[in-house]
Protein chains: 2
Amino acid sequence: MTTAQDTQRETTQSGEAHAVPNPSAVGLVAVIVAATDGEPRALTVEVEGQAAGRARGLPAGPLVPEHPTLERGLRAWVERQTHQRLGYVEQLYTFGDRDRQGDESAGLHSLSVAYLALVREVRPAGLAEASWRNWYGYLPWEDWRAGRPAILDDIEARLLAWAASPADPKQSRRRQDRLALTFGLCGGAWNEERVLERYELLFEAGLIPEAHGQSGAACPTDIATTGEPMAFDHRRVLATAIGRLRGKIKYRPVVFELMPPTFTLFQLQRTVEALSGTNLHKQNFRRLVAQQGLVEETDGVTSGATGRPARLVRFRREVLLERPAPGFRLRASRRPA
Amino acid sequence: MTTAQDTQRETTQSGEAHAVPNPSAVGLVAVIVAATDGEPRALTVEVEGQAAGRARGLPAGPLVPEHPTLERGLRAWVERQTHQRLGYVEQLYTFGDRDRQGDESAGLHSLSVAYLALVREVRPAGLAEASWRNWYGYLPWEDWRAGRPAILDDIEARLLAWAASPADPKQSRRRQDRLALTFGLCGGAWNEERVLERYELLFEAGLIPEAHGQSGAACPTDIATTGEPMAFDHRRVLATAIGRLRGKIKYRPVVFELMPPTFTLFQLQRTVEALSGTNLHKQNFRRLVAQQGLVEETDGVTSGATGRPARLVRFRREVLLERPAPGFRLRASRRPA
DNA sequence: GGCACAATGCTCATATTGAGCATAAGTGAG
DNA sequence: CTCACTTATGCTCAATATGAGCATTGTGCC
């Protein structure tokens, strides 16, 4: 940035000149994503204050005056808690709901500014408290790579019951529409980007333990069906991140942030599939990548593994300049696996 | 929402239990968009604290404890300042850079959570201090509907000079690459979604008065070229909103939030063109809308105007349920107008 | 009626997809 | 060494989608 601005010295964003008339506590949260061995992983940490005991959380910490920017503050917290350096970082969403944050008592707001980060390698998690987890452990219904997940039978049955429960037929109808939209029930189609909407629906329907008190006793489903819980509202943040990432890989070449310097086209495909939770047609995928000019060949080939060796390629950084908006326009294969 | 959560009562997002250890001032800002007579408009208000005097700003106000959620707080501020009720609202971005907000003195952060709102009708702005402004008055280089804006000649010359100025050839090269990417110079293509990147580049290059002190004296360009200034960093917020909206209309049917209950296909096209700043091929546009099933015919037709009367149509809300991700995959017509 | 003007209908060449067949080039078993 | 197996890679083909333009249809206005 160039020049300091003194125009605004004496005024806040709102145009008022008081000294912090209504302070809020601002937290920073990070969803740090990697993909190794064809599995999508998020970096999690131990959470001490959590009554549930075993639920893990995302790297997070409060914004303090020492942080020059939000993003720098986030990087500092992540490095401190996980010893992981971040490369690609983008802002995700700012969460501020009173009822979800659970901070209504103090009479002031507590916001969480969430970020999405993509990292290349999974170092074996420098700290014992930090570890990489397959994100589908938290949202198992999102993984359609081996076809429709069986747990969806159970989930759908409960959701339909939830939709049918209101006395008011109009409200019942509205709930059914939402089911169709998000879970593809009643003739709707499954859209892999609606991760957050699905999680929120499950939350409202009472199938998410985090929605009930700390005991989780009121929750009628088990973890095998609705996934492992997370501390605070971090599963919601994770769902937001996955949805955003699934959308973004279709029009920006962000997947390459997850790849090593050289890789095979099939590894790339596996990574995209891991993120999107669907399967792609192999030949068409390589055609797409080729014609978009996203990669260039190296002279290396794979070895050791079974099957014909594959050529190693690398990301062509030049496409960022050439094409107006490169990325994958991926479309799931119709065949179930 | 269903149940209150007491799990988190005693902890903040970060897992610490202090009472607001590091407070921040949080502001809410709204970019409220309407499209009337084929022009894109944003709702602006008078800003009192602004030394520059005439620069207007976006509706904004601090987040206070009385606000149940961020979005509700935003709606309250907007209604108070502009008498405009909001329908469609989505979160845009949270701005928190020290150097841009100009609040480093106090030793605490001041964030702005920005929202994008789309409204149907332009009521003649209930309050005198609030008025609708064509958004291209603030970002004139973004309007390509009548072909490439002439002012870009001037802008490009200055940007090229800026890129050439560093002694370090590497840095110079990097600047040129950015120019190619954002402004389509040096063989690059113009991408109408990169509104924010273009504004930021101009800001860095010193062509935006807001980047210099309150006088604007150091700014080598005039308003006719680089657009009318706004208070604070609100032009950056506006640029963010336009970029987001231009992207979103391609895959979600959000334009209809700007349309009256019934409208003609050409009015719809004019609105899309106004937002995207480009021209579309008329026949292909209607084919697209038709085959996506986005609208249904009414039995009304236009009258009074010259030319053959047009059929009035309405938005088919059902598509939200049917199609996985409806929207316009608009592509600019090649011919310059 | 004849014009100007916009709405609407239709054609056509060219990409872009979705799906699958065929072949190539390795590994390991016998 | 040859076969079975596995994965990589090349290529075809039909179905759609897209970009561009021509033709026709209704209206208000002289």
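A: Sorted by class, the residues lining the second largest pocket of this predicted model comprise 10 nonpolar, eight polar and six charged residues. The lining consists of 24 residues, and the volume of the pocket is about 580 Å³. Nearest the centre of the pocket lie Thr264(A), Arg286(A), Pro309(A), Ala310(A) and Arg311(A). Four elements of chain A each give two or more residues to this lining: helix H8 (265-276), helix H9 (282-291), strand S7 (295-301) and strand S8 (311-315). Of the elements, H9(A) provides the largest share, with four residues.

The account now turns to a helix of the chain. Helix H4 of chain A runs over residues 169-183, 15 residues in total. From its first C-alpha to its last, H4(A) reaches 20 Å, close to the 21 Å expected at 1.5 Å a residue. At the start of H4(A), the backbone nitrogen of Lys170(A) has a side-chain oxygen of Asp168(A) within 3.0 Å. Along H4(A), the buried residues are Ser172(A), Arg175(A), Leu179(A), Ala180(A), Thr182(A) and Phe183(A). Their cover includes two helices of chain A, namely H3 (151-164) and H5 (195-204). Just after H4(A) comes Gly184(A), which takes a positive phi of about 70°.

Notes:
Residues are numbered from 1 along each chain as its sequence is written. Chains are lettered from A and ligands numbered from 1 in the order in which they are written. This is a predicted model: local features need pLDDT of at least 70, side-chain atom pairs count only at pLDDT 80 or more; totals for chains, interfaces and linings use all residues. Side-chain values use heavy atoms; hydrogens and water are left out. On a 1 Å grid over the protein atoms alone, a cavity is a set of points where a 1.4 Å probe fits but cannot get out, and a pocket is an open set with protein on both sides within 12 Å along at least five of seven lines; lining residues have an atom within 4 Å of a point. Grid points are joined across faces, edges and corners, and a volume is the space filled by probe spheres set on the points. Ala, Val, Leu, Ile, Met, Phe, Trp, Tyr, Cys and Pro count as nonpolar, Asp, Glu, Lys and Arg as charged, and the others, Gly among them, as polar. The expected span of a helix is 1.5 Å times one less than its number of residues. Buried means under 20% relative accessible area, exposed over 50%, partly exposed in between (1.4 Å probe, protein chains only). Contact means heavy atoms within 4.5 Å. A polar contact is a pair of N or O atoms within 3.5 Å; within protein, one must be able to donate a hydrogen and the other to accept it, and residues adjacent in sequence count only if both atoms are side-chain atoms.
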